[in-house]
Amino acid sequence: TLQDRLAATFKGLRGKGRLTDADIDATARQIRIALLEADVNLGVVKDFVAAVKQRCRGEELSKALNPTQQIIKIVNEELVEILGGQTRTVRFAKNPPTVIMLAGLQGAGKTTLAGKLARWFKDEGHSPLLAACDLQRPNAVTQLQVVGERAGVHVFAPEPGNGVGDPIQVARDSVEEARHKLYDVLIIDTAGRLGVDAELMQQAADIKAATDPSETLFVVDAMIGQDAVNTAVAFQEGVGFDGVVLTKLDGDARGGAALSIARVVGKPIMFASSGEGLKDFDVFHPDRMASRILDMGDMLTLIEQAEKAFDQEQSQAAAEKLMAGKGQFGLDDFLGLMRQMRQMGPMSKIMGMLPGVGQMKSVSDIDEREVDRIEAIICAMTPAERADVGILNGSRRARIARGTGVEVRDVNNLVNRFVDARKMMNQMSQGMGGGMMGSMAR
Ligand code: GDP
Ligand code: MG
């Protein structure tokens, strides 16, 4: 899946201290393949990859993050952007009723959605009315009546037994009905065909012209992949719409439709449907969808917190010392990093947020008191001792142990682990100190 692909791409970067142009190119190539395999529109993929690449190269990179985190952050932001940026809310008419018209192919999920939307408006304190303007299929009206009953919402339908009615007239009458009976939202369900069809387009366009909707929503099955984009383009030309509703997201493993459609037609995705039940429905949030696609666990939260909590200059100074090797990175720097990391939350939680680390039991078992003890021992040292652990002879270690209320063995342990960890960190040149924190606390 797209999720697995992206995760593998980012995993390949882990441990790199600095990204070369070649790294960025390779990453961009992998992201490109991942998106194409997820059935994302080619034009969208090209724009996306170009934007990510340019930002990786050009940007004043945040010093709080390591290069992998930087890329994840950039990819996430670009995903949100492509999915429409901000959540777009419903525009209500100045004079009620606010007309919401649903258009799309047969089987897209319009009638099901009509019920969900009606219920949602009702829960938001509105009084919605449903209008049955699909007079094409024999039992379409009955289907909407069942849906309406389940949602507890009234349905306006043509009188039975009048032969095939005129959907445009029904639509017009439903607006009158809503106005007279003081419904403030009117949701119009329309007919769809199996494929794009001129007659159907005309009918939808006529209903639109007759009712002047505040929102015309194009409803599309997310599982049809690239076809969703083609159909959207056809409806945009034939009917015109203001927003998109993606349905059957419960079955969409690839996410390509979501990533293509908003950008290609230039209209926001406003709602998402993810099941047959009335409650399987939500306002579409680009940021949530992006993190679902990225599937980075709480990595994104961690990145956000890291940026907030890290004092950039200090961490840069520490990172530079670390990069320079030669043991300049002292316990003082370590203590600074540790304190800043602790501001982000309990150590065990922070470690657990790193992808792949969360599952490791030993890490979630990190003992906060152990971390307190490390801090206490370091605090009992003189600045000179912190800067160069090499001067810690037996009597100094005994003094520190006494001052902290621990055994000399504990001080030895800390120093040995610090030296080991620093060696390892130098090898990995990994910036943030995660690896070192883990091995110290364990
Ligand atoms: P319409 O022809 O556009 O009115 O589509 P319908 O509302 O009649 O839905 C067609 C089929 O898709 C029905 O069997 C629905 O139960 C099903 N359906 C609609 N929305 C969803 C959804 O979000 N998830 C799933 N799994 N099925 C859905
Ligand atoms: Mg229908």
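The following questions and answers look at a pair of helices and a set of strands in this predicted model.

Trainee: How are helix H9 and helix H10 oriented to each other, roughly parallel or roughly antiparallel?

Mentor: Helix H9 covers residues 226-238 and helix H10 covers residues 256-265, and their axes come within 9 Å and cross at roughly 25°. Angles under 35 degrees count as roughly parallel. The two helices, H9 and H10, are therefore roughly parallel.

Trainee: Which kinds of residue, nonpolar, polar or charged, make up the contact of H9 with H10, and how many are there of each?

Mentor: On the side of H9 the contact is made by Ala-228, Val-229, Ala-232, Val-233 and Gln-236, while H10 brings Ala-257, Ser-260, Ile-261, Val-264 and Val-265. Sorted by kind, the residues of this contact are eight nonpolar, two polar and no charged.

Trainee: How many residues of strand S5 are buried?

Mentor: Strand S5 runs over residues 215-221, seven residues that are mostly covered. A residue is buried if 20 or more other C-beta atoms lie within 10 Å of its own. In S5, the number of residues that are buried is six.

Trainee: With which strand does S5 pair over five bridges, and in which sense?

Mentor: Strand S1, residues 98-103, pairs with S5 in the parallel sense over four bridges, and there Ile-100 has Glu-215 of S5 as its bridge partner. The pairing over five bridges joins S5 to a strand of residues 243-247, where Asp-221 stands opposite Thr-247. That strand is S6, and the sense is parallel.

Key
Residues numbered from 1 in each chain as written. Chains lettered and ligands numbered in written order. Predicted model: local features only at pLDDT ≥ 70, side-chain atom pairs only at ≥ 80, totals over all residues. Axes fitted to C-alpha atoms, helices over the stretch in contact; angles between N-to-C directions. Parallel < 35°, antiparallel > 145°, perpendicular 65-115°, else oblique. Contact = placed C-beta atoms within 7 Å. Nonpolar A, V, L, I, M, F, W, Y, C, P; charged D, E, K, R; others polar. Buried ≥ 20, exposed ≤ 12 C-beta atoms within 10 Å, placed from the backbone. Pairing = 2+ DSSP bridges.
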